[in-house]
Amino acid sequence: MDSGAHFHRCDLQFHTPRDPQWAGPHHTEDEARNDYAARFVRQCREKGLDAVAITDHHDVAFFPYIKEAARSEVEDDGTPIPVSEQLTVFPGMELTLGVPCQALLILDADFDENLLTQLYGVLAITPTPPEEAHLPPTVVRLDHVTTLSQLQQELDRHEFLKGRYIVLPNVSDGGNATLLRSGNHGKYREMPCNGGYVDRSIEDLGTGNRDIIEGRNRDYGFKSIGVFQTSDNRREDGTDLGTFSMWVKWAVPTAEALRQACLARQTRLSDREPELPTALIQSVKVSNSRFMGPVDLDLNPQFNCLIGGRGTGKSTILEYLRWGVCDQPPALLGDSELPDVQAKRAHLITNTLVPYEGIVTVTFTVNNVRHVVRRHSDSGELYLKIGDREFESCREDDIRDLLPVQAYSQKQLSDVGVRADELIRFIEAPVKQQLRELGAKTDDLHTQIRSSYGVMQRKRQLEREMNQQRLEVESLTKQIEALRAELSGLSEADRETLARHDRLLREEQTLEGWKREQSRASELVRNVSRELSELPSPVLDWDSFDDKDILKEIEQNTQEMFRKAKEQVDAALHILEGAGESAEKIAELRRKWKAGYEKHLAEHVAVKERASIHETKLKQIEAAEKRIKELQAVVAQKRESMKALGEPETEYQMARGEWIDIYRDRGDLLEQKCAELTELSSGAIRATVRRGAGIEKALKRLKGLLVGTNVRGKKAEDLFDRIATHDNPVEEWNKVLAELEALAMSVRSDEDSFDAPDTPILSQYYNNGDLERVARKITEEDWIDLSLEELTEVPSFEFRQGEMDYIAFSDASAGQQATALLRVLLNQEGPPLVIDQPEEDLDNQVMKEIIEEIWKAKRKRQIIVSSHNANIVVNGDADLVVVCGYRTAGDQSGGKIKCQGAIDIEEINHEITLVMEGGEEAFKLRMDKYGF
């Protein structure tokens with residue numbers, strides 16, 4: 001774990017068996033007290049407590065037993081609990097003062113136990129002998145302490161106490177113990193305390209007292225304080241323990257940490273479990289580098305600040321981190337088209353990591369799932385480990401998908417306003433996954449649309465060919481009728497035989513058609529049988545299932561179901577392939593028909609022989625009949641082919657409709673994100689989206705299709721200007737597409753005459769000659785490709801410089817742009833936010849507002865910044881401060897991580913005042929703000 005500040009669930013008022021109101025035995029022997037202390041520690045674990053304060057009235061006798069029990073705690077297997085995970089136990093007392101009020105005096109958790117008994121003398125308390133079963137039933141009030149300032153002065157007189165305690169007066173509603181009683185407003189206003197406590201829940205505070213502690217009461221000096229709710233447990237079974245607990249943030253469990261929590265109560269105190277980011281970078285490690293050497297840095301889940309003198313490596317660490325998580329596409333040094341930040345990073349990696357074969361390892365978690373990225377600078381190899389799996393080779397896009405950090409180098413934030421693609425990223429980044437899913441669906445639908453449209457084209461072609469062939473059959477039939485009418489010398493019977501021949505040919509064609517359909521049906525059923533034989537899918541790893549017995553039974557029944565279904569299908573196949581009564585009957589009837597047909601053929605031959613004088617006409621009739629038979633066979637086959645094609649028109653319309661729905665959904669999503677961006681910026685940015693105004697891709701494709709037609713490209717540009725400026729560009733584009741499709745279908749070859757379809761829109765831009773050239777150039781395949789070129793959404797960004805007074809965002813000052821965008825970033829939930837020296841992008845007068853935004857932001861997303869501005873670190877309440885220094889004093893050729901921690905650690909405070917601009921002023925501002 002990092003060395004910064006973390007939340008700990010605490011109950012800071014607990015009474016021991018020494019309390020006269022204790023519900024349970026009053027343990028007197030050391031063994032009994034040790035046993036109870038061990039049980040108490042287990043109770044704290046069961047209640048989910050991380051820390052407690054032992055606060056008997058004017059007594060500290062039981063504290064050592066509980067402290068030792070916490071130190072001696074072991075796991076169920078007897079393994080000692082690591083020190084970092086041991087229950088934190090603060091020593092303390094509950095004081096009854098002559099103010100009059102009660103107060104908790106809490107000392108550092110590592111306070112020297114040997115000095116605890118000196119508190120009796122400091123506070124003029126007559127101690128109860130430690131071997132006594134319980135304290136006196138009546139507490140002797142410390143009447144000599146009439147103000148909280150006096151109490152502080154008395155405690156500060158003793159070096160072993162100064163800076164190692166905190167006093168929390170009782171601020172409950174009602175009773176004799178609270179400071180918030182009539183007449184005490186002056187004592188509250190002047191007290192040096194910045195915190196207090198209540199018995200039971202903060203929610204029980206009335207409106208009046210809540211206004212006091214939140215700094216909304218003039219008589220009480222508008223003084224706000226942090227308040228700890230406590231359970232005030234006095235029960236052996238621990239029933240009340242942790243009932244009213246607080247989550248308190250600290251790096252080290254000291255009284256100073258509790259004081260800092262009161263000063264930054266918005267971010268360090270919570271009466272309910274705090275909200276924390278779900279996607280965060282845990283650590284960044286660099287095996288070796290030219291400037292920093294090895295780097296091993298654990299990061300806090302919330303607000304991290306890297307500080308240090310200029311050139312000590314703050315920015316370098318952030319760039320290594322960004323490179324490790326593949327924040328931006330890889331850059332080749334010297335590419336003039338690359339953004340400056342990418343070129344700088346490429347230079348940094350090439351010059352500081354590659355010569356040392358440096359490996360950057362970044363560990364991050366998403367929803368508590370651990371991921372480790374390992375990136376080699378020399379070979380470019382990239383590996384990813386998820387959970388307990390082994391490392392696997394991966395792509396940069398894989399890492400960006402899993403942890404899409406938002407990161408900005410020095411002054412990069414103020415450059416965003418002049419880069420449209422960066423502004424659009426503010427809209428798209430929060431919904432990147434949704435947009436990708438919509439894009440994947442769109443790609444699938446493009447394939448379906450092209451496929452179904454191709455089938456439609458095939459079906460249309462078949463229909464055209466069948467229509468031509470039907471016309472030919474009709475013509476040939478009329479010719480045969482005319483030729484037969486010209487035959488002379490034939491009896492009526494002979495003429496009937498000739499006429500009957502046509503009917504029998506059609507009957508023969510019908511029978512052949514049924515035979516083909518039977519064969520096709522057999523093949524379909526055979527395929528179904530083959531698929532059923534492979535179902536259900538086998539289970540490869542039964543051990544991965546919990547309810548194996550139930551699932552195996554389900555599998556057996558499923559297998560039986562598929563087996564029976566296959567039996568039925570195989571029976572159907574058997575019938576279709578000629579078995580059964582129906583097949584036998586069909587075969588018998590076919591033989592009967594064929595006998596009649598063959599008899600007719602003999603009669604037909606005889607008639608032709610008798611009409612030999614009409615040999616020429618008979619040959620013409622025979623040729624026509626043969627051609628009709630061929631055509632009818634072809635038409636029958638094409639009809640079957642059309643049946644096999646199904647209903648492509650329906651499939652096409654459905655796929656096209658789904659595509660339009662996705663297109664609409666994407667527009668709705670971006671429109672929603674534009675509205676959210678406006679809201680997140682508190683109205684400083686007005687973001688809107690114009691659907692279908694992005695015409696560039698469609699225009700480029702159309703102009704490409706018309707190359708070589710001598711149709712001027714300016715006409716296409718004018719047409720698309722009309723589309724882009726229309727109230728509904730997408731609807732207008734669809735009308736144009738319909739006209740272009742009609743043109744594409746209007747001619748079949750260069751030789752065909754051109755009959756222009758109705759094109760009311762296109763005719764406004766192209767004359768008849770142009771339209772014919774377009775029609776002859778664009779194929780149906782070209783048209784489908786053109787129709788799938790989407791008109792994209794075009795976001796628009798404006799900056800509010802006054803009430804209802806907006807200017808283009810690019811026209812706002814760099815400071816205005818950066819402030820508005822940073823406010824958006826801090827209000828967004830999302831992946832880690834990394835900014836190098838944000839103060840360089842901001843105007844000083846907005847720093848206070850940004851700091852308050854940081855307080856809220858770090859609940860929702862991890863923040864990692866480097867800074868020279870002490871206000872960001874101190875009043876932004878950094879949870880982890882990483883101090884960078886020179887490896888050799890005065891030598892700026894190498895940097896290192898000098899120390900790290902939180903602002904409740906004295907060493908960190910010293911470094912802040914030493915190396916940061918305005919360090920002392922920032923701490924003074926913090927104290928002045930909270931009246932301390």
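Trainee: How many bridges join β18 to strand β19?
Mentor: Seven, and the two strands run antiparallel. Strands here are DSSP runs of E with at least two residues, helices are runs of H or I with at least four, and both are numbered from the N terminus. Two strands pair if DSSP finds at least two bridges between them. Before we go on: this is a predicted model, so local features need pLDDT of at least 70 and side-chain atom pairs count only at pLDDT 80 or more, while totals for chains, interfaces and linings use all residues. Residues are numbered from 1 along each chain as its sequence is written, and side-chain values use heavy atoms, with hydrogens and water left out.

Trainee: OK. What's the bridge partner of alanine 687 in β19?
Mentor: That's phenylalanine 797.

Trainee: And what order do the strands of that sheet have?
Mentor: β18-β19-β20, an open sheet of three strands with antiparallel pairing. β18 (685-694) and β20 (805-808) stand at the edges with a single partner strand each, so one side of each has no neighbour in the sheet. The twist from one strand to the next averages 40 degrees.

Trainee: Which helix lies across β18 and β19?
Mentor: Helix α18, residues 648-680, running at about 165 degrees to β18. Angles like that run from 0 to 180 degrees between N-to-C directions, and axes are lines fitted to C-alpha atoms, for helices over the stretch in contact.

Trainee: Next topic: the open sheet of seven strands. What's its order?
Mentor: β5-β4-β3-β2-β1-β8-β9, with mixed pairing. The edges are β5 (165-169) and β9 (269-270), each with a single partner strand, so one side of each is left without a neighbour in the sheet.

Trainee: How do β8 and β9 run?
Mentor: Antiparallel, joined by two bridges. Valine 248 has leucine 269 in β9 as its bridge partner.

Trainee: What does helix α2 lie across?
Mentor: Helix α2 (residues 63-71) lies across β1, β2 and β3, at about 160 degrees to β3. Helix α4 (residues 148-156) also packs on the sheet, touching β3, β4 and β5.

Trainee: At what angle do α1 and α2 pack?
Mentor: About 55 degrees, with their axes 8 Å apart. That makes α1 oblique to α2; under 35 degrees counts as roughly parallel, over 145 as roughly antiparallel, 65 to 115 as roughly perpendicular and the rest as oblique. The crossing is right-handed, meaning the near helix is turned clockwise from the far one by less than a right angle, with anticlockwise being left-handed.

Trainee: Which residues in α2 meet α1?
Mentor: Tyr65, Ile66, Ala69 and Ala70, facing α1 residues including Phe40 and Val41. Contact means heavy atoms within 4.5 Å.

Trainee: How far apart are lysine 314 and valine 883?
Mentor: They're 569 residues apart in sequence and 8.6 Å apart in space, C-alpha to C-alpha.

Trainee: What about β13 and β14?
Mentor: Eight bridges, antiparallel. Threonine 365 stands opposite arginine 370 in β14. The hairpin has two residues between the strands, and asparagine 367 takes a positive phi near 50 degrees.

Trainee: Last one: at what angle do α24 and α25 pack?
Mentor: About 20 degrees, with axes 8 Å apart. They are therefore roughly parallel to each other, and the crossing is left-handed.
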